[in-house]
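Subject: Structure for you to look at

Hi,

Here is the structure I promised to pass on. Please open it first, then read my notes beside it.

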Amino acid sequence: METLIEILGNATFENYVGAAEGFTEMAYQMSAHVLTLGYACMLAGLLYFVLTIKQVAPKYRMSSVLSGVVMVSAFLLLYIQQTNWTGAMTYDTETARYVLGDGTDLFNNGYRYLNWLIDVPMLLFQILFVVTLTKSDFSSIRNKFWFSGTLMIVTGYIGQFYEVTNLTAYLAWGAISTVFFIHILILMRQVITEGKENAPAQAQKYLGNIWTLFLVTWMLYPGAYLMPVLGGIEGALFNEIGVLGRHITYTIADVGSKVVYGVLLTLTAMEMSKAEGYDPNAQ
């Protein structure tokens, strides 16, 4: 008799849980609703950035434009992620649980990585159009953001294929991704520190909030990545609680690091614009 690993191979652990024991009505529906909430927040964020773009001076508007692009990208790919979840699981009347279907449509977190591959560089670029760098070179920081952001996502994407079948490869690729992650944190701290210099008091406060938000929300991603093994492959998290926990963690991180982050950048740009004498009502 074939084992689940022989059948599912490098599929993510959500599929293994769906094949082994399935999901209760609550776990399945909560996962579906959380995924729906994720793409709905992106659509709401898009509306906000469109409506507020003229509230900031023209020199800062590229940040709002990039926020809009991030929202569109995230909405589309998270919508696909939600439909992927509902398409992969089917209701079993005998067990009264949602189980993995016939295997033709496995659930895949790769959609999130594709989304991040598009969004992460733009999220990092955004702040460069709001703050004034006093010591660092704009192009140099931008290129470093792109380099580390892209490789962080690509290495994490490769690693997630081994989360069930090869723990060593899974953790090794995660460790490589973390190196680029740490580099991004160092760069972001540098940019925010320089950006606070000569900025209005309220803008400095927003920039401080951005750093706190960035640190907290981005730290959620490694936790979600490691969710399948935090309790061991056969441990407490290798069940529907772990699946639901990962959906919730990724969604909170995505909304915070994209929507809330973009809103705070817009508020910062508004304060910078006001300090420079920009009057949106006069336009």
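**The hairpin and its turn**

Ala96 counts as partly exposed, because its relative accessibility is 42%. Keep in mind that this is a predicted model. Ala96 sits in the loop between strand S1 (89–92) and strand S2 (97–100). Its phi is near 60°, a positive value in a residue other than glycine.

The two strands around Ala96 make a hairpin, with 4 residues between them. S1 and S2 run antiparallel and are joined by 4 bridges.

Look for Asn198 in the loop between helix H7 (167–196) and H8. Is Asn198 buried or exposed? Asn198 is exposed, with a relative accessible area of 79%.

**Aromatic pairs**

The structure holds 22 aromatic pairs. Start with Trp116 and Tyr221. Their ring centres are 5.2 Å apart and their planes stand at 80°, so this pair is edge-to-face. Trp116 belongs to helix H5 (residues 110–126) and Tyr221 to helix H8 (residues 201–225), so the pair ties together parts 105 residues apart in sequence. Trp116 counts as buried, at 5% relative accessibility. Tyr221 counts as buried too, at 15%.

Next, take Phe214 and Tyr261. Here the ring centres are 6.4 Å apart and the planes are at 50°, so the pair is tilted. An angle of over 60 degrees would be needed for edge-to-face. Phe214 lies in helix H8 and Tyr261 in helix H9 (residues 240–275), so this pair ties together parts 47 residues apart in sequence. Phe214 and Tyr261 are both buried.

There is also an aromatic cluster. Phe23, Tyr28, Trp85, Tyr91, Tyr98 and Phe107 form it.

**Helix H9**

H9 deserves a slow look from end to end. Asn239 caps its N-terminal end. A side-chain oxygen of Asn239 lies 3.0 Å from the backbone nitrogen of Ile241. After the helix comes Gly277, with a positive phi near 90°.

How far apart are the end C-alpha atoms of H9? They are 51 Å apart. At 1.5 Å a residue, the 36 residues of H9 should span 52 Å, so the two values agree. H9 does bend, by about 30°, at Gly256.

Of the 36 residues of H9, 27 are buried, so the helix is largely enclosed by the rest of the structure. Glu271 is a residue of H9 to check. Is Glu271 buried or exposed? Glu271 counts as buried, because its relative accessibility is 16% and the cut-off is under 20%. Setting aside residues up to four places away in sequence, Glu271 touches Pro200, Gln202, Ala203 and Tyr206.

Ser63 is in helix H4 (residues 61–88). It counts as buried, at 3% relative accessibility. Which residues does Ser63 touch, not counting those up to four places away in sequence? They are Gln126, Phe129, Val130 and Leu265.

Leu207 is in helix H8. Its relative accessibility is 0%, so Leu207 counts as buried. Leaving aside neighbours within four places in sequence, Leu207 is in contact with Ile127, Val131, Ile192, Gly195, Lys196 and Thr268. Leu207 and Gly242 are 35 residues apart in sequence and 34 Å apart in space, C-alpha to C-alpha.

**Where to click**

Move on to the edge-to-face pair of Trp116 and Tyr221. Then follow H9 to its bend at Gly256. Finish at Leu207 in helix H8.

Best wishes

Conventions:
Residues numbered from 1 in each chain as written. Predicted model: local features only at pLDDT ≥ 70, side-chain atom pairs only at ≥ 80, totals over all residues. Heavy atoms only, no water. Phe/Tyr/Trp six-rings, centres within 6.5 Å; stacked < 30°, edge-to-face > 60°. Buried < 20%, exposed > 50% of the residue type's maximum accessible area, 1.4 Å probe, protein only. Expected span 1.5 Å × (residues − 1). Bend = angle between axes of the 7 residues up to and from the residue. Polar contact = N/O pair within 3.5 Å; in protein donor to acceptor, adjacent residues only side chain to side chain. Pairing = 2+ DSSP bridges. Contact = heavy atoms within 4.5 Å.
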